[in-house]
Amino acid sequence: MAGQVGDYMSLPLFLSRVQNAAGPLLGGLSESELGECLEGSTLVLEIDHDAAEDAANRAGYLLAVNLGARLYPRLGIDAGEALIADATALARSINPGCEFGPPRGRELILSWRGGEPAAERVTVCAQGWGAVVDGNDPAGAGANPLAAMAAAALGIGELFRALFADRLAHGRIRPAPFTLDLLTLGAPAGGPPLPTEVDLGTVHLAGCGAIGEAFAAALRELPVTGTLVAVDHEDVDEGNLQRYLLAGITDVGVAKPTLVERALEGTRLSVEPVASRWGADERTAPGRETIVSALDTKQGRIELQGGLPREIFNAWTQPEDIGVSRHQAFGETPCLACLAWPTRPRPSRSLMIAEALGEHELRVNHYLGNNVPVGQPLPAPMIQGTRRLQVPLEASGWAERSLLADLIERHDLPPGPFENLGGLMVEQLYRNAVCAGMLIEHGTEKEGEVSVPLAHQSALAGILLASALVIDRVPELRALRPEAPVVRYDVLRGGEQHLPRPRGRQDRCICWDPDYQAAYADRWG
């Protein structure tokens, strides 16, 4: 983990995770190179007092502070006195060493004041449902909170493209004015404003990670009512701070659903936190009506669809883009499983993890199936073969040494950062040590199914996900949304793009199965 870099800068403690996300996108940029680049940059956020008095503009500004503090070691907070205090406190809750003051080195400006944009000066505002980037108009009153937050996330993304323009295929070298209309996801239609109250009903949030927290952060700014059942079995770890909008440095070890509950305190949305795996009890049993999916694996999405909820709203991030989809007519339109259904033979989960860790599949299978933490050896009676997997000669050592101890020794890993992972389950270890890049940075060249997104990518995905749900609940708004159930946006390309994507049903998916179709019809009519 990185600490002090340079004479006056303090990079985030979780810089290594930032590098895991950014490095592969930037031609293999190393952690030290990333640190030097950030150390020589200042993110300036400027907004006029009158604009900041608008609640939506304020939410967008603080989102930019939140995102900025997870990457830049120095922020220039140019705002009214009260907002400066709130922004400074927020940034230091994320990175206690964050510096504030006049720009030093390279100056990257995100402005709500309008005026002339430039390669390293991005202007943002909300106009109706439109998130406006690189326009000349200043932010005004009466902004739509979703559009204001989307504009902030897009603006942070544009400045990332400017900072690393020489390393990206589509780096930002000049302004490119565009508007992302959250209602039509195409040409602005001048749709009706957000109602003063939107009843969401009972919604189950599957996954309280980066996208799930951005989804909750967006709902916090909206006049929504109902019940949100927030489900996730994991706690926050230090690496999550790179992109988790609701988590600060003191939240390591806190259950992820608890952060969602805390964020929505004082709103009209009731939250029920469920700190367990999806499907582990009756609260997440098959037959839930509305599910918002913020899961990070394809297998998890397939299993979620297999429970046959009435409808699913889904979002994801991947290196090339982010996406949002809705699934409300099982057996007629593409279901969530269609998007994740394998088109070629795939290894089992245990084999995938075993190959990534360099372990025997039987050993991984027992850790998976029996929920044994990786820092503990397997109990001897548990070490038995299966119909497919025989017990190897080295299995006697599995009862004497933990999987984690063998992993550290085999790959010649530094004990410090890895011994702290002893309490994880093997699938969590896989995501933290392989998919998040810890083994990769120490020389083990394995790739996983899960990639680590940049914070502004996850934030925009969560905001679009919240928009999709809210728009669906208002008939006048729902009539203006695109017919295509899938939308995608390449944050690293930036600028104006065609978001709606036609999508057909996937051959051999469960939505073609007559038994599944009949069960869905019996349940929902």
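In this predicted model, the side chains form 28 salt bridges. One of them joins Arg-106 to Glu-120, with the closest N and O atoms 2.6 Å apart. Because Arg-106 belongs to strand 6 and Glu-120 to the loop between strand 6 and strand 7, this pair ties together parts of the chain that are 14 residues apart in sequence. Both partners are partly exposed, the relative accessible area being 31% for Arg-106 and 26% for Glu-120.

A further salt bridge is formed by Glu-289 and Arg-310, whose closest N and O atoms are 2.9 Å apart. Glu-289 is found in the loop between strand 12 (269-274) and strand 13 (290-293), and Arg-310 in the loop between helix 9 (298-306) and strand 14 (311-318), so that parts 21 residues apart in sequence are tied together by the pair. Glu-289 is partly exposed, with a relative accessible area of 39%, and Arg-310 is likewise partly exposed, at 28%. The salt bridge between the side chains of Glu-359 and Arg-363 (3.0 Å, N to O) involves residues that are buried, with relative accessible areas of 11% for Glu-359 and 1% for Arg-363. Through shared partners, salt bridges also join Glu-289, Arg-310, Glu-311, Asp-472, Arg-473 and Arg-481 into one network.

Aromatic side chains were examined next. The structure contains 3 aromatic pairs, among them a tilted pair of Tyr-61 and Trp-112, with 5.1 Å from centre to centre and 55° between the planes. This pair links distant parts of the chain, since Tyr-61 lies in helix 4 (residues 55-69) and Trp-112 in the loop between strand 6 (106-111) and strand 7 (121-127), 51 residues apart. Tyr-61 and Trp-112 are both buried. Phe-160 and Phe-164 form another tilted pair, at 5.0 Å centre to centre and with 55° between the planes, and both of these residues are buried. In a contact between a charge and a ring, the charged end of Arg-505 sits over the ring of Trp-512, 3.6 Å from the ring centre.

Helix 4 also contributes to the second largest pocket, supplying 6 residues, the most to its lining. This pocket holds about 560 Å³ of space, and of its 24 lining residues the closest to the centre are Asn-66, Leu-90, Arg-220, Leu-245 and Leu-246. At least two lining residues come from each of helix 4, helix 5 (81-94), helix 7 (210-220) and helix 8 (256-263). By residue class, the lining divides into 14 nonpolar, 4 polar and 6 charged residues.

Notes
Residues numbered from 1 in each chain as written. Predicted model: local features only at pLDDT ≥ 70, side-chain atom pairs only at ≥ 80, totals over all residues. Heavy atoms only, no water. Phe/Tyr/Trp six-rings, centres within 6.5 Å; stacked < 30°, edge-to-face > 60°. Helix = DSSP H or I, 4+ residues; strand = E, 2+ residues; numbered from the N terminus. Buried < 20%, exposed > 50% of the residue type's maximum accessible area, 1.4 Å probe, protein only. Lys NZ or Arg CZ within 6 Å of the ring centre and 35° of its normal. 1 Å grid on protein atoms, 1.4 Å probe; cavity = no way out; pocket = protein on both sides within 12 Å on 5 of 7 lines; lining within 4 Å. Points joined across faces, edges and corners; volume = space filled by probe spheres on them. Nonpolar A, V, L, I, M, F, W, Y, C, P; charged D, E, K, R; others polar. Salt bridge = Lys/Arg side-chain N within 4 Å of Asp/Glu carboxyl O.
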